[in-house]
Amino acid sequence: MSLPEISFIRSNIPKISQLSESVIAMENSGIYTNYGPINQKFEKRLVEQMFGGVGQCVTVCNATIGLMMALKYVTRHTDPERQRYIIMPSFTFAAAAHAVLWAGFIPLLCDIDQQDWMASHDAEQALLQQYKDQVAAIFPYATFGNAADLAYYTELERRTGIPVVIDAAASLGARDGQGNGFGQGSPHAIICSLHATKTMGIGEGGFIYANNPEMIEALRAMGNFGFGQVRHATMPGLNSKLPEIGALLALSGLEQLDAVVEKKCSIERLYYDLLPEFTFQRQHGTRTAYQFLPVRLPAQYAPHRRAILERMKQKRIGTSTYFSPHLHEQSYFAANSVAGDLSVTRALAASIVSLPLWHEMTPEMVHYVCREFRAACHAQIC
Ligand SMILES: *Cc1c(COP(=O)(O)O)cnc(C)c1O
């Protein structure tokens, strides 16, 4: 019996063809962008549905631009000649380091925690000690949607005066330890992506959330050419606006989101049952909204990762290796960043595998993936 190809990611983007009434209404309104009525409706509903009605948000055309703007905003009072560094993990996606560089700073790469795979608080502290007055911001990643300890970062910001921005690109749909939407109530900018590969994808898009109206309104102006007044730039600016059609897809995505995440969580649990000998990310929240399942190969298999994934490909199962190479292994970032000790990062990146986890996967598909994954591993050492 042959199973169909199991792609690594299957995007779950709302169908424009099924939104024709709303599209016609948009066309009749003649409003296509500039934080129009559909963007406003999405922002309002997002805060109500995912953040308990607490806080504010502004849409952006993608999360990378959102990260750039948030970093630019929180560092507006720093002296870039003196405070040159932004502390961030090396175990993350390229977008985060690019955002730091575009904002005019140098990534100061720290190691991660052995269990939860997020920036290690000890590693951040060590770099803070070493670079003291030269650190402009701290920029953790809520890795794969894991619930970073926001209370810890709020206290760190209060104590040091160094602002914190959270890369939460993969967090929409994830919940914190209290069961609230990850980020709810955060005074720090929380940046989420709506890229096609994320759990709530619309193609390209994102938003910045915070319980901080002053910051969100400033970022809204920054994203509209820095126009703090009518056609009058009062701050650095660019164009980060999400078109109305994107907001329309996002509104539609919100309707499905909880059901999609719950479905993905049941697939995730099945994976854990079927792969007991593998190591997974330790989670701090009550729910993640994984785009894929990250799994760590046991030490005896890790050196054979390439062959294992090649064999999976022959079985028509798509896989990947987020985040390998990690940032400091990529030539551009190696040349344009500074790194502390990265030993935990190096070991994890060398053994990480990403397995497919999309909401329409059947239990049979998951059984098939796990059977083939285990067989591919065993084949390397016998
Ligand atoms: C997806 C992702 C981004 C970038 O989001 P875009 O919306 O594609 O710009 C940034 N950081 C991380 C960790 C991501 O996974």
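This is a predicted model: local features need pLDDT of at least 70, side-chain atom pairs count only at pLDDT 80 or more; totals for chains, interfaces and linings use all residues.

User: Where does the ligand sit, and which residues come nearest?

Analyst: One begins with the location and then turns to the surrounding residues. Here the ligand sits in the largest pocket. There are 13 residues around the ligand, of which Ala63, Thr64, Asp167, Ser193 and Lys198 come nearest.

User: Which distance separates an oxygen atom of the ligand from an N or O atom in the side chain of Thr64?

Analyst: Polar pairs are read atom by atom. For the side chain of Thr64, the distance from an N or O atom to an oxygen atom of the ligand is 2.5 Å. The side chain of Asp167 has an N or O atom 3.1 Å from a nitrogen atom of the ligand. Lys198 places a polar side-chain atom 3.1 Å from an oxygen atom of the ligand. As for cover, the ligand has 380 Å² of accessible area on its own, and the protein covers 92% of that area.

User: Is Ser193 buried or exposed, and what is it in contact with?

Analyst: Burial is judged by a cut-off on relative accessible area. Ser193 is found in strand β6, residues 189–193. Ser193 counts as buried because its relative accessibility is 7%, and buried means under 20%. Leaving aside neighbours within four places in sequence, the contacts of Ser193 are Ala63, Ala169, Lys198, Met200, Gly205 and Gly206.

User: How should I read a residue in a loop, and where is Gln283 placed?

Analyst: Gln283 belongs to the loop between β10 (279–280) and β11 (292–296). With a relative accessible area of 26%, Gln283 is partly exposed. Its side chain makes a polar contact of 3.0 Å with the side chain of Glu268, and another of 3.1 Å with the side chain of Tyr290. Beyond four places in sequence, the residues in contact with Gln283 also include Asn146, Tyr272 and Thr288. Between Gln283 and Gly145 the C-alpha distance is 9.1 Å, although 138 residues separate them in sequence.

How values were computed. Residues are numbered from 1 along each chain as its sequence is written. Side-chain values use heavy atoms; hydrogens and water are left out. Helices (H or I, at least four residues) and strands (E, at least two) are DSSP runs, numbered from the N terminus. Buried means under 20% relative accessible area, exposed over 50%, partly exposed in between (1.4 Å probe, protein chains only). Contact means heavy atoms within 4.5 Å. A polar contact is a pair of N or O atoms within 3.5 Å; within protein, one must be able to donate a hydrogen and the other to accept it, and residues adjacent in sequence count only if both atoms are side-chain atoms. A residue is near a molecule or strand if one of its heavy atoms lies within 4 Å of it. Accessible areas come from the Shrake-Rupley method with a 1.4 Å probe; for residues, only the protein chains shown count as cover. On a 1 Å grid over the protein atoms alone, a cavity is a set of points where a 1.4 Å probe fits but cannot get out, and a pocket is an open set with protein on both sides within 12 Å along at least five of seven lines; lining residues have an atom within 4 Å of a point. A molecule sits in a cavity or pocket if more than half of its atoms lie within 2 Å of its grid points.
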